[in-house]
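Please keep the viewer open as you read.

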Amino acid sequence: MIAVILYTYNRLECAERTLAALFSHLWTKHDLWLHVSDDGSPPEYRERLWELAGQYCGDRRTITNSERRGYGASYNAASQVVHQLGGVAALLHLEDDWILTKELDLDPLVDVLQSEARIGCIRMGYLGYTRELKAEFIDRRGASYLLLDPYSESEYVFSGHPRLETVAWARKVGLWPEHLRAGETELAICSRMEARTGVAWPADLIPPRGGLFVHSDSGITVKDAPLRLAVTP
């Protein structure tokens, strides 16, 4: 099973578009579990997302409310639930304003996570950095990856918006600090060596400046489309 975690707060149109794009373009042989990690939106907001989660994943859905304690608390609340699910091959972390723009087969990436001991996290967004970011080119199952150097000068080794990771890697990184602003929370985690080690970026899949996922305010529109998932019975 792949657990999708949607981090959200009180912007329904963005969240609806993000989920519509994801479940229109995502391919996998694995079952999908959708967890909505809300940070204190009105009850009717969570009710709507709970309804959507049921439409996309049936009973394979959960929800948490971190009650305005910030991004770190939302992450921790989601982790306490999703890490306890049985048979989770990977976690896909997604914020509510990131739209998948093209078809994405997750299975080759999940296979790499399960078979490659050196990799525990795959960045799915752009290759963002503010200072020198070093990496090693490696070939895995016929695809090229940049295995990012944990000793790079850049703070941003694991972060780059959507990411796919194993539960074991997430547990090594540990709980996130709470009551910080989103950017401060991210920087605090980026400083941990556990979050800088075992991070790869799929060079054949995503242009360096992004394009697989885009911000919902970038002008991209999502047309109504049927659910297209290759899911095992």
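## Aromatic pairs

Searching the whole structure turns up seven aromatic pairs, where rings of Phe, Tyr and Trp (its six-membered ring) pair if their centres lie within 6.5 Å, with planes under 30 degrees apart counted as stacked, over 60 as edge-to-face and the rest as tilted. Two of them are set out here.

| Pair | Centre distance | Plane angle | Type |
|---|---|---|---|
| Tyr71 and Trp176 | 5.6 Å | 85 degrees | edge-to-face |
| Phe158 and Trp176 | 6.3 Å | 80 degrees | edge-to-face |

Before going further, a word on what you are looking at: this is a predicted model, in which local features need pLDDT of at least 70 and side-chain atom pairs count only at pLDDT 80 or more, while totals for chains, interfaces and linings use all residues. Residues are numbered from 1 along each chain as its sequence is written, and side-chain values use heavy atoms, with hydrogens and water left out.

Which parts of the chain does the pair of Tyr71 and Trp176 tie together? Tyr71 lies in helix 3 (residues 71–82) and Trp176 in the loop between helix 5 (167–173) and helix 6 (182–190), so the pair joins parts that are 105 residues apart in sequence. Helices (H or I, at least four residues) and strands (E, at least two) are DSSP runs, numbered from the N terminus. The pair of Phe158 and Trp176 also links distant parts of the chain, 18 residues apart, with Phe158 in the loop between strand 10 (143–148) and strand 11.

Nine strands make up an open sheet with mixed pairing, in the order 4-3-1-5-11-8-12-10-9; two strands pair if DSSP finds at least two bridges between them. At the edges are strand 4 (61–65) and strand 9 (135–140), each pairing on one side only. From one strand to the next, the twist averages 25 degrees. Helix 2 (residues 43–57) packs on the sheet and touches strand 1 (2–8), strand 3 (32–38) and strand 4, its direction making about 160 degrees with that of strand 4. Contact means heavy atoms within 4.5 Å; axes are lines fitted to C-alpha atoms, for helices over the stretch in contact, and angles run from 0 to 180 degrees between N-to-C directions.

Strand 5 (residues 90–95) is mostly covered, with five of its six residues buried. Strand 1 runs parallel to strand 5, joined by six bridges, and Ile5 has His93 as its bridge partner in strand 5. With strand 11 (residues 163–165), strand 5 pairs in the antiparallel sense over three bridges; Leu92 is partnered there by Leu164.

## Two loop residues

Asn10 sits in the loop between strand 1 and helix 1 (12–25) and has a positive phi of about 55 degrees although it is not a glycine. With a relative accessible area of 40%, Asn10 is partly exposed. His179, in the loop between helix 5 and helix 6, also has a positive phi, near 65 degrees. Its relative accessible area is 62%, so His179 is exposed.

Technical notes:
Buried means under 20% relative accessible area, exposed over 50%, partly exposed in between (1.4 Å probe, protein chains only).
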